[in-house]
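The following paragraphs lead through the structure shown below, from its overall organisation to individual side chains. Please keep the sequence at hand while reading.

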Amino acid sequence: MLTAATRMDAMARLGKALADPTRCRILIALLEGPEYPARLAERLGLTRSNVSNHLTCLRGCGLVVGAEEGRQTRYEIADPRLAHAIDDLLGVVLAVDTGERCLNDEQGCA
């Protein structure tokens with residue numbers, strides 16, 4: 001049974017999803033519309049199993065949903081408001097201090 005996530009839980013799920021560059025690439029690709037894992041793998045230059053694993057994570061985080069179509073599953077961003085928010089985030093200009101390192105980042109953020 002699905003329940004409404006708390007605000008903190010939602011932020012943690014979003015953070016987990018966005019913490020991985022491959023998951024970010026998949027989400028950006030899904031901004032263009034629903035897609036199949038094999039097509040995403042081809043477009044992004046990844047293996048099908050890699051894409052499937054990341055889609056499983058994104059689905060578990062509640063960011064994407066899958067619609068079964070015969071033997072295939074077509075994925076899309078779970079909520080149009082989420083797609084809008086991701087699109088807005090892509091337009092944000094960050095004030096990055098290149099001298100500071102991000103957590104767990106050996107080379108820093110830049």
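Of the contacts in the protein with a separation of 6 or more, what percentage is accounted for by residues 24 or more positions apart? In this predicted model, such residues account for 46% of those contacts. The protein has 110 residues, of which 25% count as buried.

The secondary structure consists of 5 helices and 2 strands. Read from the N terminus, the elements follow the order α-α-α-α-β-β-α. The pair of strands in this order forms a hairpin, with 2 residues between strand 1 and strand 2. Strand 1 spans residues 64–69 and strand 2 spans residues 72–77; their pairing is antiparallel and extends over 6 bridges. Glu-69 is placed opposite Gln-72 of strand 2. In the turn, Gly-70 adopts a positive phi of about 70°.

The largest nonpolar core comprises 19 residues, and the members that touch the most others are Ile-26, Leu-27, Leu-30, Leu-40, Leu-55, Leu-58 and Leu-63. At least two residues of this core come from each of helix 2 (21–30), helix 3 (37–44), helix 4 (48–60), strand 2 and helix 5 (80–90). Leu-55 illustrates how these parts of the chain meet: apart from its neighbours within four places in sequence, Leu-55 is in contact with Ile-26, Leu-30, Pro-37, Leu-40, Val-64 and Tyr-75.

Helix 4 also contains His-54. Is this histidine, His-54, buried or exposed? His-54 counts as buried because its relative accessibility is 14%, and the cut-off for buried is under 20%. When neighbours within four places in sequence are set aside, the contacts of His-54 are Asp-20, Thr-22, Arg-23 and Ile-26.

Leu-18 belongs to helix 1, which covers residues 7–18. Why does Leu-18 count as partly exposed? Its relative accessibility is 31%, and partly exposed applies between the limits of 20% for buried and 50% for exposed; Leu-18 therefore counts as partly exposed.

Notes:
Residues are numbered from 1 along each chain as its sequence is written. This is a predicted model: local features need pLDDT of at least 70, side-chain atom pairs count only at pLDDT 80 or more; totals for chains, interfaces and linings use all residues. Side-chain values use heavy atoms; hydrogens and water are left out. Two strands pair if DSSP finds at least two bridges between them. Helices (H or I, at least four residues) and strands (E, at least two) are DSSP runs, numbered from the N terminus. A nonpolar core is a set of buried Ala, Val, Leu, Ile, Met, Phe, Trp, Tyr and Cys residues joined through side-chain atoms within 4.5 Å. Buried means under 20% relative accessible area, exposed over 50%, partly exposed in between (1.4 Å probe, protein chains only). Contact means heavy atoms within 4.5 Å.
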